[in-house]
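Open the model in your viewer and keep the selection tool ready. We will go from one element to the next.

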Amino acid sequence: SRRPCFSEAFTSAVSAGTGGTGGTYYPIGGALKSVFEASDLIDDVQVVSTGASVQNINNITDGLNQVAIVMSDVAYDAVNGENQFDGQPADIQALAGLYPNVVQVVATEDSGIESISDLAGKRVGVGKVGSGVEQSAAKVIESAGLSYDDLAQVSHTGYADSVTGMSNGNLDAAFFTSGVPNSSITGLMQSTDITFVPVTGEVADKLLEAYPYYETYTLPAGAPERYDLDAEVDTVAIRNMLIVGSDMRDDVAEELTARFYDYLNSENVSVGALKQFDPETMNQNLVAPVHPGAQAFYDTLSEDDASSDGEDADSAGTGS
């Protein structure tokens with residue numbers, strides 16, 4: 001049976017929560033706009049710049065956004081009613097897993113910062129209040145045995161303001177948790193000598209043990225499209241997710257998921273971050289429940305695989 005209709009008006013307009021205009025979420029929202037508007041169910045997609053993950057989840061709960069991009073760590077907390085969502089779990093569901101959000105800690109070369117522990121006594125940009133960047137920054141700092149109190153200055157700056165602060169000498173380091181490359185970091189490298197600070201050893205071990213949504217990630221050396229570093233840098237990453245409210249109609253959720261999958265498998269993908277993961281993993285390792293409509297689409301993929309396997313077996317039998 002079809003689930004209760006969220007709103008017939010939904011079929012004409014969708015608001016998509018993204019992030020700051022200088023990050024990766026916003027251009028992904030722009031790409032999704034044309035993909036989703038090609039559906040007969042969607043007439044208009046409004047792409048909204050927001051404070052990113054936490055605000056996006058709150059906006060879906062409040063009905064301000066219907067679709068949003070979030071980091072898995074914030075989604076995990078929301079689903080389980082932890083941290084900023086303590087005692088108030090959010091009723092969100094996943095349409096798809098996306099690319100990894102890589103924790104990129106960048107310091108000015110003259111700051112002398114070479115490890116996360118070296119952030120003690122330094123001026124650090126940790127991301128906007130309520131953003132997924134700040135959530136990961138706090139956990140990384142905590143895993144190094146530090147707290148915000150151990151820093152000389154905590155600046156709740158977004159990417160653009162962090163770059164400004166580092167370039168004019170007002171910040172020693174900043175967290176950029178995003179896809180790779182981050183255009184703000186690329187811009188900073190044009191004017192300022194910087195160091196990528198690894199998240200490795202005991203710090204990484206504690207993160208991976210304590211939080212199920214972290215994974216290891218290596219920034220490669222000599223890759224022009226990923227900063228062209230002299231030496232590789234080990235860090236950690238958190239997967240991004242495309243989420244909706246649980247009250248989205250099944251047919252709409254299935255349609256959006258199918259169109260997104262087809263887009264990722266086309267030659268039309270214009271946002272680099274969306275090329276950094278395999279579309280076949282969209283429904284894997286998700287920390288929020290998969291929307292039934294999205295699951296219905298993924299089930300068709302499984303059926304196609306099974307059918308293909310059967311045909312291959314028939315062909316093998318015929319040829320024997």
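Select helix α4, residues 132-143. Among the buried ones are G132, V133, E134 and Q135. This is a predicted model, where local features need pLDDT of at least 70, side-chain atom pairs count only at pLDDT 80 or more, and totals for chains, interfaces and linings use all residues. Residues are numbered from 1 along each chain as its sequence is written, and side-chain values use heavy atoms, with hydrogens and water left out.

Step just past α4 to G145. Its phi is positive, about 80°.

How do α3 and α4 pack? Show D73, V74 and D77 in α3: they meet G132, Q135, S136 and K139 in α4 (contact is heavy atoms within 4.5 Å).

Next, select strand β3, residues 67-71. Five of its five residues are buried, so β3 too is largely enclosed by the rest of the structure. V67, I69 and M71 cover one side, A68 and V70 the other.

Which strands pair with β3? Strand β1 (residues 13-17) runs parallel to β3, joined by two bridges (pairing takes at least two DSSP bridges). Find G17 opposite A68. Strand β10 (residues 233-245) runs antiparallel to β3, with five bridges. There, I69 partners L242.

Terms used
Axes are lines fitted to C-alpha atoms, for helices over the stretch in contact, and angles run from 0 to 180 degrees between N-to-C directions. Helices (H or I, at least four residues) and strands (E, at least two) are DSSP runs, numbered from the N terminus. Buried means under 20% relative accessible area, exposed over 50%, partly exposed in between (1.4 Å probe, protein chains only).
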